[in-house]
Amino acid sequence: MPENQSNKKIISADRQTSLSNLFFFYLMLIVTFSFVATGGYFIVQKISRYRQDIRQLKADFPAEQKQELKVRVLEGKEFVDWVSSYPDESLNKQLTSLIKRYGSLLESANLPSGEKFLLLPKRIKDSLDYANLNSVIKIVVFNSLLKPVYIPDFTDSSASSLRYKSLISKMISSAVIREASHRPDHITHYSNYEKTEYAAIFPVNNIDFWVLAVYSGNDRQKALQELVLDSLSRVKFEDNEYFIVNTVGGDALLTRSIWDKKPKNILSGNDENWKAIFRQEVNLAKTPGGGFITYTWSRKESEPRSEKISYFTGISQWNWIIGTGKHTNAILPLLDQQKKALRADIRNDVLSRLLFMLSIYLLIYFIGRYISKRLQTNLQLFDMFFSKAAHSSQRIDEDSLHFREFETLARSANLMIEEREKMRAILSEQQSRLRNIIDSVPDMIFFKDTNSRFQGCNKAFERFINRKESEIIGMTEYDLFSPAQSEIYLASDKHLLLTGEPVRTKEWTPLKDGHSLLFDTLKTTYRDDDGNILGIIAISRDVTEMEETRQRLLMAKDKAEESDRLKTAFLANMSHEIRTPMNAIIGFSDLLTDEDLTKEEKADFVEKIKLSGENLMNLINDIIDIAKIEAGQLKIIESPCNVDSLLNDLHGTFTEIKNQQRKQTIDLLLNIEHQEKEIITITDPLRLQQVITNLLGNALKFTDHGRIEFGYMIDDGFLKFYVRDTGIGIPESKQDLLFQRFTQVDASTTRKFGGTGLGLAISKNIVELLGGTIWLESDPGLGSTFFFTIPYKPSDKINSKTRKSLNEYDWSEHTIMVAEDIDENYMLLEAAFRRTGVKMIHARDGLAAVNEAKNNDAIDLILMDIQLPVMTGYEAIHNILLVKPEIPIISYTAYALPNEREKSLSAGCVDYVTKPMKAEILIPLVNKYLKPGIPEESQAEDESIS
């Protein structure tokens, strides 16, 4: 009981205490405790850090000093390495340094100028004597008349003295002095090609004096060593330490910063301590990278010894040992300085922090008092509001509150009921919006509980199941799908509920009408705020069309890759096939220039050039035919055709070709089974001839001996043609490739037989355009037989036109203009038309052709090339026909692709002929338009022109 009464008294006292006063009291209590604790902790940490830093300083400071020694020695060694690696630059630099040093000495002496001044003060002369004593670099001083003021002792007649005198004389020659006088602020250097002489000259006091530094001799290394020793002897570190240089043989070159020109030998002396130190130096010089040693040494010879630590390393190219050191008793004052600086830093830091904390404490005190008063005022307003809230609608005056939190609290109290109603309305709207979004999704969405019973779905799932959502709720998979499907779906549900990991499946679902759909389904769980699984949500999408599209794309990709491979092989083969006849044309054309050729050899070469040209033209025609086939522009022009006559002509042609190819061991047989009158049918004679020519050409190519037989027979309304050979045959696995574009049975680069792989593909298309079919029968090694059919359309008429001789054409009263930018093509036409007597005009570009046609009324016909400079052929045709629409223009071009003939005729041309030119085709065609009143007997080649 007494304890309960005590607690009640405390609670009562708390209730009577103001919240603002409690806030201020506890705030200051917490701040005071925090500041005291923080300050004490900071002081303890600083003291601990000071002791730790002192320990670390004692441990690290000697190591830092040793590292500094190593850096000094390695820098000195790098200087020696640089001097030995770049002797020319080093010697020139040393000469420059000496000249400037003694030039400054002369300037500071304020010597009188004058031509008669020949004697230097004793202190300057002693300095120069010391510099020249035992040094290979000599210093010389001349007055303004180039008379010696100071010159080293060269009284002996040694070769060395003579060389130095010669070099000095060379440097004070008029040419050198004149050049140096033009640049008084510049040091003039000299060195000979053999690198045995180096010199530098510099004027002092406006050429009152000339200071000259010279070196002459073969021992350039000695000069470099003197340079190094002179430089190192001048180095004094901040702790009055210096470089030490000894030779491996024991000569003390540099000791206590003194360069001894006549060095003592340590090993021959009496100082055993020095000998012991030197032995350790030698060991360190042999060690890669050098090392440290500790020994006793005196700063000066008059001082006692003290402990010293040094770092030494070797200079192998000169057999030197270089090092430097530091007396350990010199380190202690530095360490004490570090300790004093550290203590002062800590003391200042502590004082500044204490002052800062005191300032912050006072600031918090005044801010706390201010906030406490404002807080008391705000709380009184809330006390009045809640005391009257039960029976009054009084609002809190938000403008009279001082704190944003109280203002927010007051606004919340005033609008609590209103906000609650708004939240209800918003919640209802969001539920409706979410439902509309789910129903508008085209994918099927459905929900299940943890027992896999449906809890809802969207409109898409309703349409698929053909049931309303209200009917579906509470059902299982077995109520909607087949048992087999249900087992699969339930298994995925169990896996999802067991692992909690989303499940994605693709499954073909059979429908009642017999076909199936592919659904991509994603199932995942939804949970409450505590992470407990409440059920399953699934989205299922019909991806049947997407899968079918993917399969079609894969097939198209494979087909495109195969087509690309075939075209690549075709282009490689085409390059070979084009270059082969071109090689013959160019080669035999070059041979025709040989004046020693006989008439028979020239005729043979011309025949070979013509044959190669025809082969090349056939190849180009095949390419054009393929282009026409791909563009759907290959046309059939039907007319009566004497089949027997056509086959007899081919028999004669290929008999000649067989003999030219030296295949006399092959028998070429023509077999025509019927014994009646000649067979005449309506078809395209040129295309029929092209197909049989391709088949005979292949048979002759792939047959080395035996026979080739061809012929035809009448079979059920069709003419059935065949070509049979005893050649290499075709494997059955390769037969399907024969009639495809760009393919050959052997497409390798090592294949024995040439060809483009276009002939049979063209033949197949021509036969199908003629209304027939083509196939083959073949056994490898035994030969092949190709068959094709065309419809038999009997006819009694046949074209029997005869060709007029080219010498019978007379165009002497006519003028032809040829628009051609290639002179050789014009010369070819000129030679072909020479026998007709026609007058010819040459226009080398489209603009010239237009101007000539406008100004010359004598022109009866124009041969127009399409590809012309300045103005194209089509532009020229348009401009000419605007002025002279009656003049006939024939398109004469190398363009032979599909629609090119129609394009020329649409532009206004009366006809179209392709290059290369054949006189027997071109002359009758031109005659047709020059003499339209005279019927031409032979226009049978019109189709071949196009």
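**Notebook: the whole chain, then two spots**

I began with the surface: the chain exposes about 54700 Å², and carbon and sulfur atoms supply 54% of that area. A reminder to myself is that this is a predicted model.

Next I checked how much is hidden. Of the 946 residues in the chain, 40% are buried. I then looked up the secondary structure and found 25 helices and 28 strands. For contacts between residues at least 6 apart in sequence, I noted that 60% join residues at least 24 apart.

**Helix 2**

I went looking for greasy spots on the outside. Phe25, Tyr26, Leu29 and Ile30 form a nonpolar patch on the surface, and together they have about 430 Å² of accessible area. I placed Phe25 in helix 2, which covers residues 19-85. Why does Phe25 count as partly exposed? Its relative accessibility is 49%, and the exposed class needs over 50%.

**Helices 17 and 18**

My last stop was a helix pair. I kept in mind that two packed helices are described by the angle between their axes and the distance between the axes. For helix 17 (residues 643-660) and helix 18 (residues 685-701), the axes come within 11 Å and cross at roughly 35 degrees. I noted the crossing of helix 17 and helix 18 as right-handed. On the helix 17 side, the contact is made by Leu646, Leu647, Leu650, Phe654, Ile657 and Lys658. Helix 18 brings Pro685, Leu688, Gln689, Ile692, Thr693, Leu696, Gly697 and Leu700 to that contact.

Terms used: Residues are numbered from 1 along each chain as its sequence is written. This is a predicted model: local features need pLDDT of at least 70, side-chain atom pairs count only at pLDDT 80 or more; totals for chains, interfaces and linings use all residues. Side-chain values use heavy atoms; hydrogens and water are left out. Patches are made of residues with over 30% relative accessible area and no salt bridge: like charges are joined within 9 Å, nonpolar side chains (Val, Leu, Ile, Met, Phe, Trp, Tyr) within 5 Å. Accessible areas come from the Shrake-Rupley method with a 1.4 Å probe; for residues, only the protein chains shown count as cover. A salt bridge is a side-chain nitrogen of Lys or Arg within 4 Å of a carboxyl oxygen of Asp or Glu. Helices (H or I, at least four residues) and strands (E, at least two) are DSSP runs, numbered from the N terminus. Buried means under 20% relative accessible area, exposed over 50%, partly exposed in between (1.4 Å probe, protein chains only). Axes are lines fitted to C-alpha atoms, for helices over the stretch in contact, and angles run from 0 to 180 degrees between N-to-C directions. A crossing is left-handed if the near helix is turned anticlockwise from the far one by less than a right angle, and right-handed if clockwise. Contact means heavy atoms within 4.5 Å.
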